[in-house]
2 protein chains.
Amino acid sequence: LLNPRSVAVVGASDDPTKISGRPLHFLLRAEFAGPIYAVNPSREQAQGLRCYPSIAELPRTPDLVLIAVPAQAVLDVVRDCAQSGVPVAIVTSAGFGETDEDGRELQRKICAAARHGGVRLLGPNCLGAFNAFTGMYATFSQTLMSGFPTAGPVAVVTQSGAYGSHLAFLSQRRNLNIGFWVTTGNEADITVAEVLEWMVDRPEVQVILVYVEGVRDGAAFRGALTRARSNRKPVIVLKVGRSADGTRMAGSHTGALSGADEVYDAVLRQAGAYRAGSIEEQLDVGYVCARATPRPVRRLGVVTVSGGVGAHICDVAATYGLPLPRLPRPVQRQLHQMVPYASVANPVDCTAAALQDTALTSAAFRALLRDGACDAVVGFFSTVPSNAVFAQRLQEAMISGVAGYPAALLVICMVAGPDTISRYEEAGALVFEDPNRAVRAIAALGRFGESFESALDERPEPIEPLGPLEPRAYSEVEAKTLLAAAGVPVPRELLAHDADEAAAAARLIGLPVALKIVSPDIVHKSDAGGVALALTDIDSVRDAHDSILTAVHRVHPTASVEGVLVSPMAAAGTELIVGAKVDPTFGPVIMVGLGGVFVETFRDVALRPAPVDHSTARAMLSELAGAAVLEGARGREPADLDAIARCVVAVSRFAAGHGENLREVEVNPLVAYPKGQGVLALDAMLVGGTEEITA
Amino acid sequence: LLNPRSVAVVGASDDPTKISGRPLHFLLRAEFAGPIYAVNPSREQAQGLRCYPSIAELPRTPDLVLIAVPAQAVLDVVRDCAQSGVPVAIVTSAGFGETDEDGRELQRKICAAARHGGVRLLGPNCLGAFNAFTGMYATFSQTLMSGFPTAGPVAVVTQSGAYGSHLAFLSQRRNLNIGFWVTTGNEADITVAEVLEWMVDRPEVQVILVYVEGVRDGAAFRGALTRARSNRKPVIVLKVGRSADGTRMAGSHTGALSGADEVYDAVLRQAGAYRAGSIEEQLDVGYVCARATPRPVRRLGVVTVSGGVGAHICDVAATYGLPLPRLPRPVQRQLHQMVPYASVANPVDCTAAALQDTALTSAAFRALLRDGACDAVVGFFSTVPSNAVFAQRLQEAMISGVAGYPAALLVICMVAGPDTISRYEEAGALVFEDPNRAVRAIAALGRFGESFESALDERPEPIEPLGPLEPRAYSEVEAKTLLAAAGVPVPRELLAHDADEAAAAARLIGLPVALKIVSPDIVHKSDAGGVALALTDIDSVRDAHDSILTAVHRVHPTASVEGVLVSPMAAAGTELIVGAKVDPTFGPVIMVGLGGVFVETFRDVALRPAPVDHSTARAMLSELAGAAVLEGARGREPADLDAIARCVVAVSRFAAGHGENLREVEVNPLVAYPKGQGVLALDAMLVGGTEEITA
């Protein structure tokens with residue numbers, strides 16, 4: 001697809017501005033090195049090339065065929081490709097799976113014909129692909145009408161062709177050079193995941209920009225992201241469908257089926273990929289990653305010509321979690337002598353004096369790097385670098401200030417034209433206009449750095465498949481038994497079938513006890529009168545047993561009742577919910593959150609694809625908004641975080657072991673006790689089978 | 001200051017690039033209409049003007065004097081101004097209140113000299129001011145070296161001069177035309193608030209951009225903002241000091257003292273001003289407000305050439321709370337015939353077909369405005385408008401599509417050069433590059449529109465000053481008595497001084513009751529053994545009374561005890577906290593939040609300057625993250641929101657009535673019952689006096 005030795009365009013037009021004429025035009029103008037063939041039965045020639053009537057009549061079999069004919073004619077061309085032994089074809093035509101049942105049927109047919117003949121397919125309903133290193137422009141993207149990109153370390157893979165074109169144009173303007181560019185459209189065959197798998201291993205590729213509406217092969221996508229992290233290649237994703245309207249729009253666009261958006265969040269986070277919230281953010285982060293090596297940013301230095309903007313940068317650094325260390329006092333005193341009226345602790349405010357006093361600018365950068373030991377320095381210089389009088393001196397001062405610290409990240413915020421920007425970039429600086437965006441991108445680079453460092457530690461133990469689950473709701477007793485075997489601590493409980501058994505159980509367990517109805521048909525046990533708490537003597541246990549059965553029978557006369565569960569009264573603790581569901585795209589997903597309003601009102605939960613290891617489970621707990629409750633805020637005792645994490649790991653491995661056989665498992669509440677005192681699963685729910693079950 | 005008939009520059013230099021030479025240079029080059037005087041005892045002439053040795057020797061007294069001499073020489077010049085009857089002087093020199101005690105002393109001296117002589121002062125440590133309508137450039141801002149702004153409807157007032165310069169440059173590049181521009185620096189006399197007060201009433205001014213580090217006159221600032229809203233003039237504020245580092249930096253920059261950052265948030269929100277999070281956001285919102293009339297945006301339409309970006313726009317519209325109505329089915333069917341493979345419900349995806357088929361583009365805009373009744377339409381056109389082949393046709397199609405809907409807001413997202421952008425702007429469209437920023441700015445315009453509409457309703461009743469508070473912590477009984485008089489519902493409670501009184505009180509109130517120690521010296525009553533709950537018989541009341549006194553005496557042997565409070569056991573309900581504090585800048589501030597983890601962990605509170613009226617109190621409740629808990633989420637009964645709001649109003653009026661005499665008042669918990677059943681203040685705390693009190 002990306003390194004063909006020869007390319008044929010089927011449906012080639014003579015008009016280089018038409019959609020069907022542009023690919024030929026681009027290939028010719030870019031001087032693609034191999035043979036270029038035009039195929040069009042209704043023309044003698046196109047753009048100076050002889051037109052062949054069909055693929056079969058070409059002098060040799062092309063490595064890649066671009067099919068630019070109306071949807072109804074595509075199937076025949078794909079069959080021709082198959083017969084001639086073409087290895088890859090691109091179908092740019094629309095009118096397939098993204099439309100209606102007829103379109104989906106047509107897509108299935110071309111897909112079957114291609115597979116049968118050993119042809120790999122890109123598209124349909126895509127904009128093609130290019131390899132800027134070889135001039136292989138198999139696309140009709142109108143963006144290329146104004147020029148070709150400079151081949152470079154950025155790779156783009158996108159389900160939306162128009163988005164890919166837009167990104168290509170903006171990248172070029174930003175000196176962000178794209179080498180490989182692939183649009184996958186409807187993904188009848190080749191997917192974003194498969195392209196990504198290839199890109200992460202290419203030595204030419206340093207950073208990858210991805211646009212997805214919905215991933216078809218979740219495991220391959222996760223695998224490619226994880227491999228990108230091992231290869232230390234940042235992946236920056238714009239995933240649409242966060243909102244209901246966005247999901248609807250995405251679905252009708254390339255026919256993508258997306259799993260839950262929050263699961264994508266979890267998958268990207270787990271694999272260390274960056275999810276951008278806007279086009280601009282994707283490019284900003286792509287820009288720093290293409291021009292600098294990801295490394296943790298633990299100390300940010302700030303040089304400014306405006307104290308006001310300096311204060312603003314402090315605010316945004318706090319927002320993105322970058323700490324600003326203060327310079328040592330003696331260094332502050334030295335700087336203070338150069339700029340007596342300004343703040344020099346970090347930010348170093350050079351004031352308008354920076355225009356005249358170049359020694360001050362040098363000293364500021366040097367102090368932050370040498371004495372402040374900053375990993376990164378951001379300098380705000382407003383329009384000064386484009387001021388003819390001061391520009392040259394300022395740049396020299398900056399360069400001399402950072403000399404000797406080649407590993408430091410240097411980001412300059414300035415308002416300037418492309419020439420000035422290039423000059424700073426050639427000197428090793430990254431250039432932004434807006435300080436908020438600069439700091440956000442520095443923070444993103446730092447996050448990649450941290451993720452690449454920690455990637456080595458993470459290796460969950462292999463999962464052994466667990467026995468099959470039946471497609472039904474399990475009772476609480478069954479669920480707890482299975483979870484206990486998987487390593488989830490449960491209370492010692494006994495199922496009683498009559499009042500005598502309940503009394504005997506209470507004696508064995510020890511008073512006080514709680515009684516609870518056990519029935520797969522009753523979800524809201526308390527509402528049905530199916531719960532009795534804090535029973536302190538044996539007679540009460542007997543009475544409660546019978547009252548429960550009476551109440552339940554009145555509310556749910558047809559419910560099947562397995563018995564009454566006798567449990568010890570658990571001590572109070574911090575309540576959590578730990579559960580797992582199976583996402584249609586990514587499979588089992590583990591969830592943990594604090595109980596009550598945390599989950600109900602704030603939806604404060606952490607998700608990850610299952611299974612997770614202990615350190616990931618700990619990370620999930622600390623990313624909860626209510627983490628302070630567990631960590632011992634306001635005089636509380638810290639909860640047993642390790643025991644909670646062990647339970648999260650156990651449930652995640654239980655879910656992963658059952659895989660597709662699991663529909664949902666939930667421990668709610670899981671009560672956590674103070675550090676060293678463990679956790680207890682007070683209730684549990686388990687549903688097997690992949691289909692929706694009506695309770 | 002902004003409309004002088006004559007200007008003198010003291011310390012004028014002959015070199016037009018020097019700080020002390022630029023103001024003269026700018027005034028001359030901008031052809032300021034009145035006399036311009038140069039004052040410099042050590043020169044004969046400067047930039048072609050005769051130099052006078054002092055202000056006293058000028059042929060006439062100038063309306064405005066710009067003082068650009070070293071800090072130590074400023075006092076004498078201010079005295080000269082006073083003697084000559086100069087009405088306003090600008091001091092640009094640094095080295096005053098922003099430095100050390102010597103600088104602060106010098107600032108006090110120039111301030112006193114000015115006040116004594118009737119001279120108003122701008123600065124010191126500022127960059128001056130300009131009026132672009134008259135060419136009155138009393139500033140040395142280096143930004144003006146590359147040209148003067150086109151005078152227009154934007155006014156800028158900023159405490160940071162460099163920030164003001166930066167904003168002026170960016171505004172000019174954005175076709176955002178500044179008329180008045182004032183930098184206030186250390187604000188020895190003239191403040192941001194006073195300048196704002198003037199600007200909001202100027203007919204030339206349509207939108208105001210503000211930068212503040214800390215406001216010196218909170219009441220004037222709030223008053224000016226409120227007046228801006230009445231005048232329907234958007235005010236967009238960048239306030240720094242959100243973070244600890246930002247506050248420190250701001251403090252050392254212009255010596256500003258800022259109140260709590262979250263109080264600024266509340267003040268800006270209450271007055272309908274917009275708080276920008278970045279320079280870019282301030283300009284984006286300023287841009288839409290300068291080019292479009294604020295109006296509520298309740299229906300957003302989207303036209304796109306990329307389905308992918310269309311889906312992204314859906315996501316960002318949801319983020320900023322803008323709803324996308326779907327087009328009626330028959331209209332969708334019509335559009336579907338023009339663009340069969342794309343989504344047309346809204347967003348209308350014109351696909352690459354938009355390039356060729358101009359009727360489609362027209363139809364898309366018309367459908368959204370006519371059939372979708374959209375207030376605003378955002379169109380994403382990538383690079384198409386700058387494509388020589390399609391540009392003209394596309395613009396015509398767009399204009400014909402929106403013809404007949406002059407009130408609709410039209411925002412086009414495109415990547416294009418300044419000429420293309422101007423062409424669209426002249427045709428009435430607003431132009432953005434990034435769709436996320438476009439939608440954010442549209443939402444901001446809509447928020448101004450809503451705020452201007454609702455401004456008429458809001459008129460809290462006048463406050464009557466309440467009797468003075470003593471500078472001490474009041475007991476719970478005292479606090480409840482005062483709050484009850486102010487309209488806060490409290491339980492019927494009685495103070496008992498011995499066990500017999502407690503028993504009698506319990507009989508009167510009715511069992512069960514709770515007992516609680518009353519002492520100004522004991523803050524944590526439960527910890528001290530000072531509380532007994534749910535006492536169901538009279539003997540228990542007697543016992544509990546004595547146990548409380550024994551326990552309290554053991555823990556706090558020296559505490560002064562007023563007695564034991566006997567209260568009815570309140571029914572359970574939803575717990576809230578309602579309180580007020582006095583901010584050093586803005587005075588009394590009212591706070592409401594849900595109790596427990598909502599406040600402790602999520603800091604989920606709503607703040608407003610006090611007093612508030614009922615509708616504002618209701619708005620505060622609905623902006624809580626946990627609002628759903630009050631509104632009846634997940635099968636709960638809705639709480640009595642009106643009763644809660646009445647209590648918030650009462651506490652806010654209590655706080656405002658006491659003003660500076662109050663240090664803190666808090667009802668915690670306020671228990672809210674289901675709709676119609678009211679609220680009850682179970683505990684209350686009241687501290688009088690403005691100084692910190694140690695408990």
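A polar contact is a pair of N or O atoms within 3.5 Å, and within protein one of the two must be able to donate a hydrogen while the other accepts it. In this predicted model, such a contact can be followed inside chain B, where the backbone oxygen of B:Gly214 lies 2.8 Å from a polar atom of the side chain of B:Gln159. The residue B:Gln159 sits in the loop between β10 (154-158) and α4 (161-173) of chain B, and because its relative accessibility is 1%, B:Gln159 counts as buried.

With a relative accessibility of 39%, A:Asp100 counts as partly exposed.

Two copies of a chain are related by a rotation about an axis and a shift along it. Here a rotation of 180°, with 0.0 Å of shift along its axis, superposes chain A on chain B with an RMSD of 0.1 Å, and the two copies are thus related as by a two-fold rotation axis. Of the interface residues of chain A, 99% are also interface residues in chain B, so the copies meet through the same surface.

How many residues of chain A are in contact with chain B? The count is 82 residues of chain A, which touch 83 residues of chain B. The area buried between chain A and chain B is about 6200 Å², and carbon and sulfur atoms give 61% of it. On the side of chain A, the residues that lose the most area to chain B are A:Arg248, A:Met249 and A:Tyr341, which together make up 11% of what that side buries.

Polar and charged groups also link the two chains. Between chain A and chain B there are 20 residue pairs in polar contact, and across the interface 4 salt bridges are found. In a salt bridge between the chains, the side chains of B:Glu433 and A:Arg173 meet at 2.5 Å, N to O. Several elements of chain A each supply at least two residues to the side that touches chain B, among them α4 (161-173), α7 (244-254), α10 (307-319) and α16 (435-454). The largest share of that side, 10 residues, comes from α10(A). Sorted by class, the side of chain A that touches chain B has 35 nonpolar, 28 polar and 19 charged residues.

Terms used. Residues are numbered from 1 along each chain as its sequence is written. Chains are lettered from A and ligands numbered from 1 in the order in which they are written. This is a predicted model: local features need pLDDT of at least 70, side-chain atom pairs count only at pLDDT 80 or more; totals for chains, interfaces and linings use all residues. Side-chain values use heavy atoms; hydrogens and water are left out. Copies are superposed by least squares on the C-alpha atoms of residues with pLDDT of at least 70 in both. Contact means heavy atoms within 4.5 Å. Buried area is the accessible area (1.4 Å probe) that two parts lose on being put together, summed over both. Helices (H or I, at least four residues) and strands (E, at least two) are DSSP runs, numbered from the N terminus. Ala, Val, Leu, Ile, Met, Phe, Trp, Tyr, Cys and Pro count as nonpolar, Asp, Glu, Lys and Arg as charged, and the others, Gly among them, as polar. Buried means under 20% relative accessible area, exposed over 50%, partly exposed in between (1.4 Å probe, protein chains only).
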